[in-house]
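Subject: Structure handover and findings

Dear colleague,

Please find below the sequence and the structure that I am handing over to you. My findings follow directly after it.

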Amino acid sequence: MKALARLLLPLFLLLAAAATRAEPVTVQHMRVWRAPDHTRIVFDLSGPLEHRLFVLQDPHRIVVDMDNARLEEPLKDVDTGGPLLGAVRVGQPEEGPLRIVLDLKAETRPRSFVLTPAGPYGHRLVIDLHDVKATQQENAAPAPNQTSPIVTAPPAPRERIVAIDAGHGGEDPGAIGRRHRTREKDVTLAIARELARLVAREPGMRPVLIRDGDYYVDLKSRYVKAWRHRADVFVSIHADAVPGRQANGSSVYVLSEKGASSVMARVLADKENAADLIGGVSLNDKDDMLAQVLLDLTHNKTKQDSHSLAGDILDELHDVGPVHMRHVAQAGFAVLKSPDIPSVLIETAFISNPSEEKKLRSPAFQQKMAAGIFRGIKRHLARRPAPAPVPVQAAMADEKSREYVVRRGDTLASIARQYNIHVDALRFINDLQDADLPVGLRLRIPFRQGDG
């Protein structure tokens, strides 16, 4: 009898698996998010599915086939006002996959991946459309004119660059207020824009908004963008949430490689670091080894400067309202892992506290908070040496350049050897997927301790 049971068990398992496969996956919703460099399309699913993606030309369009899937209801009208997505068409034959056709306004480089349940979302299929022409224009550098004489001119003073990161965005709403359902992503963007306005108004300073709309930017790309803009400081703006309604006040954090300064700091860092799972980042994008390579480049001076910047901002926030932590806190925030930019994360208030949620919704408080952060940044930069001027005639890379223009015959390995850095760090910070380096591509070169 036992022998018969052992023989029949595989058959039962096979039949159960077949029955499970027969149940179709439901495509429940479709959302479109427009970022400056790409358009993201998200399909909410009732379960995991297999899919295939085809790129067609004349006219440009993308075909997505979803196996064993059906629409729960007709797709609602989607936002086609951007530069890439023109229309969405659906085909559902009686047999075969669910087919969705994306009509495009321009040639795109698509990328698709599936996500398992995270935060408020279930299974998702994500399709990112990157504008091919815009990417080529961004990466292209004018070839040096060998016949043109070198024009000498006095160097122009370099502005102080302030990278301002509005936490969360797009698929990731962040924390939600209990009373008014205020979304953290909206509050952080409002404060970030106000801070950018103050920085832009200050002579000798220029803001860079890491996110300037309702779309998600993955944690790595946030500090990479600050690197590429040669930021002098990086501030990430958030609005905390904890169980209970009594916690209040602001906090300022810096990166810790050895553990959090408190249980709350550790819990908060874990929650913020999980944003990529909610915002929608392919697991294939996450490379802990490469992240550690970059983190290993962080020298003591950058850590000290981060503490100094955090302390200056925290001092100024005392004039804005109550502070939750009187000292600079530390935790392993992934967004603060820039190797050579002083970086801090600011929890402006507790959105989980109804009275603080009300303040966070107020433009007056948003302006007051931004002004406090701005004063702290000014205090910090006033003590820092003036940045090196930028020559009017841009030179080709030398040993102390932070940018390198790829020339014929260059390889990633040869450039890494020239600057004595890890080749994976070079690939990681420039978000390079392919081995080929097009001539004229501008590469960001990380400084190491001891570089000038």
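Predicted model: local features only at pLDDT ≥ 70, side-chain atom pairs only at ≥ 80, totals over all residues.

Leaving out residues up to four places away in sequence, Val 64 touches Arg 52, Leu 53, Leu 98, Arg 99, Ile 100, Leu 125 and Ile 127, where contact means heavy atoms within 4.5 Å. Val 64 belongs to strand β4 (residues 61–66); helices (H or I, at least four residues) and strands (E, at least two) are DSSP runs, numbered from the N terminus. Val 64 counts as buried because its relative accessibility is 1%; buried means under 20% relative accessible area, exposed over 50%, and partly exposed in between (1.4 Å probe, protein chains only).

Residues are numbered from 1 along each chain as its sequence is written, and side-chain values use heavy atoms, with hydrogens and water left out.

The surroundings of β4

Strand β4 pairs with β7 in the antiparallel sense over six bridges; two strands pair if DSSP finds at least two bridges between them. Within this pairing, Asp 65 stands opposite Arg 99 in β7. Strand β7 (residues 98–104) is mostly covered, with six of its seven residues buried. Strand β6 (residues 85–91) also runs antiparallel to β7, and six bridges join the two. The bridge partner of Val 88 in β7 is Leu 102. The hairpin of β6 and β7 has six residues between the strands, and in it Gly 96 takes a positive phi near 110°.

Leu 45 has His 123 as its bridge partner in β9.

The other open sheet has six strands in the order β11-β10-β12-β15-β13-β14, again with mixed pairing. Here β11 and β14 stand at the edges, each with a single partner strand, so one side of each is left without a neighbour in the sheet. The twist of this sheet averages 30° from one strand to the next. Strands β12 and β15 pair in the parallel sense over six bridges, and the partner of His 238 in β15 is Glu 347. Helix α3 packs on the sheet and touches β10, β11, β12 and β15, its direction making about 145° with that of β12.

Nonpolar cores

The largest nonpolar core has 39 residues, and those with the most contacts inside it are Ile 164, Leu 195, Ile 313, Leu 317, Val 344, Ile 373 and Ile 377. A nonpolar core is a set of buried Ala, Val, Leu, Ile, Met, Phe, Trp, Tyr and Cys residues joined through side-chain atoms within 4.5 Å. Among the elements that each supply at least two residues of this core are β10 (160–166), α8 (300–317) and α10 (363–382). The largest share, eight residues, comes from α3. A second, separate core of 32 residues includes Ala 226, Leu 268, Val 281 and Ala 331.

Aromatic rings and a buried loop residue

A search of the whole structure finds one aromatic pair. Tyr 253 and Phe 333 form this pair, which is edge-to-face, at 5.3 Å centre to centre and 70° between the planes. Rings of Phe, Tyr and Trp (its six-membered ring) pair if their centres lie within 6.5 Å; planes under 30 degrees apart count as stacked, over 60 as edge-to-face and the rest as tilted. Both Tyr 253 and Phe 333 are buried.

Asn 353 lies in the loop between β15 and α9 (354–360). Asn 353 counts as buried because its relative accessibility is 7%. Leaving aside neighbours within four places in sequence, Asn 353 is in contact with Arg 245, Gln 246, Ala 247 and Asn 248.

With kind regards

Conventions:
Axes fitted to C-alpha atoms, helices over the stretch in contact; angles between N-to-C directions.
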